[in-house]
Amino acid sequence: PEVFEAAGEARQSALRRRFEREAQTTSLLSSPHTIDLFDYGVTDDGAFYYAMELLDGFDLKTLVERFGPLPVERAIVLLSQVCHSLAEAHASGLVHRDVTPANVFVCRYGRDVDFIKVLDFGLVKPEAAVHGRDPGPTHHDRIGGTPAFMSPEQALGQSQLDGRADIYATGCLGYWLTTGSLVFPRNSAMAMAVAHSQAVPERPSQRTELPIPEAFDTVILECLAKSPADRPPTAELLAHRLESIIVPASWDRTRAREWWNLHHPIDPSRRRLAADTMAVKLVRREDRSV
């Protein structure tokens, strides 16, 4: 609220429009791997809020920091679900622009485990906006996103972004999951931006002792191509490429459940909260059908 109150009237209006666009955009997406948003608004004292589904698990930043790099077969399962969320957004003409480990959540979801939810569409823009045709609020003197996961065109402040910027970030995400390292570890945001624009990344297999198939290296490096034209053109195609990789052992439901039972057993106190979340979902579905 204090930030909102300190802003001038024009800035308050822009902040409100930006927040409303984020909430409206997220609520229109229906992929099961995109966070479900139930309601949003602004309180009387100026605080923005929205109510989302309750998730039980970890963001991918916490997952790797706490448990170490993932076996490649598990990383492929998670990345494919990220692609499912992004594919719908891209098909709707939306670019997320901030696909990072902190913005991707892996959770228990009903009877499923290792279920991905993509969060925080706060920087999402219609392609019309990133091509300069959107009158909505923006800041031409700022670069939105997270430097360690930012495509070269985004780091250079180019206005013409499309879904391939998210493909680049997904490559950075796959790198993080399998190596526990950033593609370009640097001491400053500016140095990271320069590295993403100019430096050649090492293969993931060179940064970890875990076995990584050459095909996975190849796909990740294609995602990290400097030119968008050299990356996989769509999230759907990227998912297909990942799922076609031959891995030493499959990451099946049994292995996934064993991992969750060992590292994150079900907390009985959360069962009621999960039930309440499901009740809200059912009400929302009924509203949609009406």
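Predicted model: local features only at pLDDT ≥ 70, side-chain atom pairs only at ≥ 80, totals over all residues.
An open sheet of three strands has the order 3-5-6 with antiparallel pairing, and helix 4 (residues 72-91) lies across strand 5 and strand 6 of the chain. Helix 4 also packs with helix 10 (residues 235-243), and its axis crosses that of helix 7 (residues 163-179).

- Strand 3 pairs with strand 5 (residues 104-109) in the antiparallel sense over four bridges, and Gly57 has Cys107 in strand 5 as its bridge partner.
- Helix 3 (residues 60-67) packs on the sheet, where it touches strand 3, strand 5 and strand 6, and its direction makes about 85° with that of strand 3.
- Helix 4, which lies across strand 5 and strand 6, runs at about 45° to strand 6.

**Helix 4 and its two helix partners**

- Helix 4 and helix 10 pack at an angle of about 165°, with their axes 8 Å apart; because this angle is over 145 degrees, helix 4 is roughly antiparallel to helix 10.
- The crossing in which helix 4 passes helix 10 is left-handed, and the residues of helix 4 that meet helix 10 include Ile76, Leu79, Cys83, Leu86 and His90, while those on the side of helix 10 include Ala235, Leu238, Ala239 and Leu242.
- The axes of helix 4 and helix 7 come within 10 Å and cross at roughly 160°, which makes helix 4 roughly antiparallel to helix 7 as well.
- The crossing of helix 4 and helix 7 is right-handed, and the contact brings residues of helix 4, among them Val72, Ala75, Leu79, Val82, Leu86 and His90, to residues of helix 7 that include Gly163, Asp166, Thr170, Leu173 and Leu177.
- Leu79, Leu86 and His90 are listed in the contact of helix 4 with helix 10, and Leu79, Leu86 and His90 are also listed in its contact with helix 7.

**The hairpin of strands 1 and 2**

- Strand 1 (residues 37-42) and strand 2 (residues 48-52) pair in the antiparallel sense over five bridges, and Val42 has Phe48 in strand 2 as its bridge partner.
- Five residues lie between the two strands of this hairpin, and Gly46 in the turn has a positive phi of about 95°.

**Helix 2**

- The 20 residues of helix 2 (residues 9-28) should span 28 Å at 1.5 Å a residue, and the end C-alpha atoms are 29 Å apart, which agrees with that expectation.
- The buried residues of helix 2 include Leu15, Phe19 and Ala23, and also Arg18, Arg21 and Glu22.

**Two buried loop residues**

- Asn103 is placed in the loop between strand 4 (94-95) and strand 5, and its relative accessible area of 8% makes Asn103 buried.
- Beyond residues up to four places away in sequence, Asn103 touches His96, Asp98, Lys117, Val118, Leu119 and Asp120.
- Met150 is found in the loop between helix 5 (127-130) and helix 6 (152-155), and counts as buried because its relative accessibility is 6%.
- The C-alpha atom of Met150 is separated by 8.5 Å from that of Asp166, which is 16 residues apart from Met150 along the chain.

How values were computed
Residues numbered from 1 in each chain as written. Heavy atoms only, no water. Expected span 1.5 Å × (residues − 1). Buried < 20%, exposed > 50% of the residue type's maximum accessible area, 1.4 Å probe, protein only. Pairing = 2+ DSSP bridges. Contact = heavy atoms within 4.5 Å. Axes fitted to C-alpha atoms, helices over the stretch in contact; angles between N-to-C directions. Parallel < 35°, antiparallel > 145°, perpendicular 65-115°, else oblique. Left-handed = near helix turned anticlockwise from the far one by under 90°.
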